[in-house]
Amino acid sequence: MAVLAGSTACGGDDTKKAAAPLPASGSQAPGSASASAPGTPPATGAASPTASSTGKPLRPCATVTATDKPTRGTLTREDLRSAGTDPKPVTVDEVFGLAQLPYKYQGGTLTRTCVKVLEDCTPMASGEAAELIKQLGCIRAVSALYVDKANNVQTTVGVLTMPTAIAAATLAQSNAGYYNQVTPPTNRETEVFAPEAAYTWIHESLYRYFIYEMTGRTDGKDRDPGEVAKHTAATNAVYHLVGDSLDRRAAGAPS
């Protein structure tokens, strides 16, 4: 995977819990962030952002027609740092073409259940994060929900196309925000993370893209300490999917 534009992983004590629900569907980023080495996969810790229990969908689920990784692009990795040289925002086919992701614990497989597209990025978050996203000029947001019902694991991932790598890194390095979870519009298999439920949270910037993830139990309840390892594994698996897809926009990135 390519070097991160501004690698910032949020982590915390797993004994911390989510606070009272917000009026909008989302989660509160942890109050502290620590930088990880460029290119290092995140999600080594656990955090406990605040989450809403409303479960209202931001948009209907979008259709994904791709069935594999995107084809290799012709840009350079430097091109991917600016909309001036990388003018096309990412698409759901490009980022979420793989419907199933095996990840590293026995019997664990994440399956994509819903993907959403927002040309107005601000509903991806609430409060200060939404204001910062708007201020920095986000161009498009794509998000997805991956679920492993057998192991009671769900991961929300969002990718925001920013105008520059500096804008993406600025967003990743901030502590602002209530970031939204993704739920299917009808007959949903999952629950939003309930108040008092801890879950794993990371946010990163890669080139001109901002990536965030939150992983917890499919039933939305608080987790046992023994579940943290599989949540971390799920988060890393989804991050590698997204990072690899973004890397493949460049001709020379190793992915």
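A disulfide here is a pair of cysteine sulfur atoms within 2.5 Å. Keep that cut-off in mind. This is a predicted model.

Start with the cysteines. The whole structure holds two disulfides. In one of them, the sulfurs of Cys 61 and Cys 114 sit 2.0 Å apart, which puts the pair within the 2.5 Å limit. The torsion about that S-S bond is -110°, so the link is left-handed. Cys 61 is in the loop between strand 2 and helix 1, and Cys 114 is in strand 4, so the bond ties together parts 53 residues apart in sequence. Cys 114 is buried, at 3%.

Now the other bond. Cys 121 joins Cys 138, S to S 2.1 Å. This link is left-handed too, with -70° about the S-S bond. Cys 121 lies in the loop between strand 4 and strand 5, Cys 138 in the loop between helix 2 and strand 6. Those parts are 17 residues apart in sequence. Cys 121 is buried at 2%, and Cys 138 is buried at 15%. In sequence order, the pairing reads 1-2, 3-4.

Back to strand 4. Lys 116 is found there, and it is buried, with 2% relative accessibility. What lies 2.8 Å from a polar atom of its side chain? The backbone oxygen of Thr 183.

Last, the backbone. Most residues other than glycine have a negative phi. Asn 152 has phi near 60°. Its place is the loop between strands 6 and 7, and it is buried at 16%. Tyr 207 has phi near 55°. That residue lies in the loop between strands 9 and 10, buried at 4%.

Technical notes. Residues numbered from 1 in each chain as written. Predicted model: local features only at pLDDT ≥ 70, side-chain atom pairs only at ≥ 80, totals over all residues. Heavy atoms only, no water. Helix = DSSP H or I, 4+ residues; strand = E, 2+ residues; numbered from the N terminus. Buried < 20%, exposed > 50% of the residue type's maximum accessible area, 1.4 Å probe, protein only. Polar contact = N/O pair within 3.5 Å; in protein donor to acceptor, adjacent residues only side chain to side chain.
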